[in-house]
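Trainee: Could we go through this model together? I would like to begin with the overall fold.

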Amino acid sequence: MKQYLRQALPVSPETLREYTQAAKSYAGTATSRADDFIQYLLERARGFSVFDFAMFKLCLLSFGIWLGALFSKFFRRFRVIVFLGFIASYIYLIWRIFLRNDQD
């Protein structure tokens, strides 16, 4: 097994460890930057009006329709899965908006 790994990996184990540490460091930095970006977006969205949210939804809807039209043959095979995803998200949103008690 070790011989197979040596043949498959053209680098030494020490170099591989260095690459692994560099990848972990990069992943930590990327995670931190993504978290900062999400916090920035949430802060900006707090100031949205109803019109702003309507425009956002219109943007998402039109993008979804465009993608669906672009890949219509592909999505035709997965109509049931897409519909089940719609039903699941619709039920969740109804529960979240009308039935969930936020005071718990």
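Trainee: In what order do the elements of the chain run from the N terminus on?
Mentor: They run α-α-α-α-α. The secondary structure comes to five helices and zero strands, where helices (H or I, at least four residues) and strands (E, at least two) are DSSP runs numbered from the N terminus.

Trainee: What should I know about the source of the coordinates?
Mentor: This is a predicted model, in which local features need pLDDT of at least 70, side-chain atom pairs count only at pLDDT 80 or more, and totals for chains, interfaces and linings use all residues. Residues are numbered from 1 along each chain as its sequence is written, and side-chain values use heavy atoms, with hydrogens and water left out.

Trainee: What pLDDT does the chain average?
Mentor: The chain averages 83, and 87% of the residues score at least 70; pLDDT is the predictor's confidence in each residue, from 0 to 100.

Trainee: And which element has the lowest mean pLDDT?
Mentor: Helix α1 (residues 2-8) has the lowest, 61, while helix α3 (residues 50-70) has the highest, 90. Where pLDDT is low, the predicted coordinates should not be read in detail.

Trainee: What percentage of the residues is buried?
Mentor: Buried residues make up 0% of the 104 residues in the chain. Buried means under 20% relative accessible area, exposed over 50%, and partly exposed in between (1.4 Å probe, protein chains only).

Trainee: Changing topic, which residues form a salt bridge?
Mentor: E43 pairs with R46, their closest N and O atoms being 2.9 Å apart. The rule asks for a side-chain nitrogen of Lys or Arg within 4 Å of a carboxyl oxygen of Asp or Glu, and the count comes to one salt bridge.

Trainee: Are those two residues buried or exposed?
Mentor: Both E43 and R46 are exposed.

Trainee: How many aromatic pairs are there?
Mentor: A search of the whole structure finds seven. Rings of Phe, Tyr and Trp (its six-membered ring) pair if their centres lie within 6.5 Å; planes under 30 degrees apart count as stacked, over 60 as edge-to-face and the rest as tilted. F74, F75 and F78 form one aromatic cluster.

Trainee: Finally, where is I97?
Mentor: I97 lies in helix α5 (residues 79-99). I97 is exposed, with a relative accessible area of 58%.
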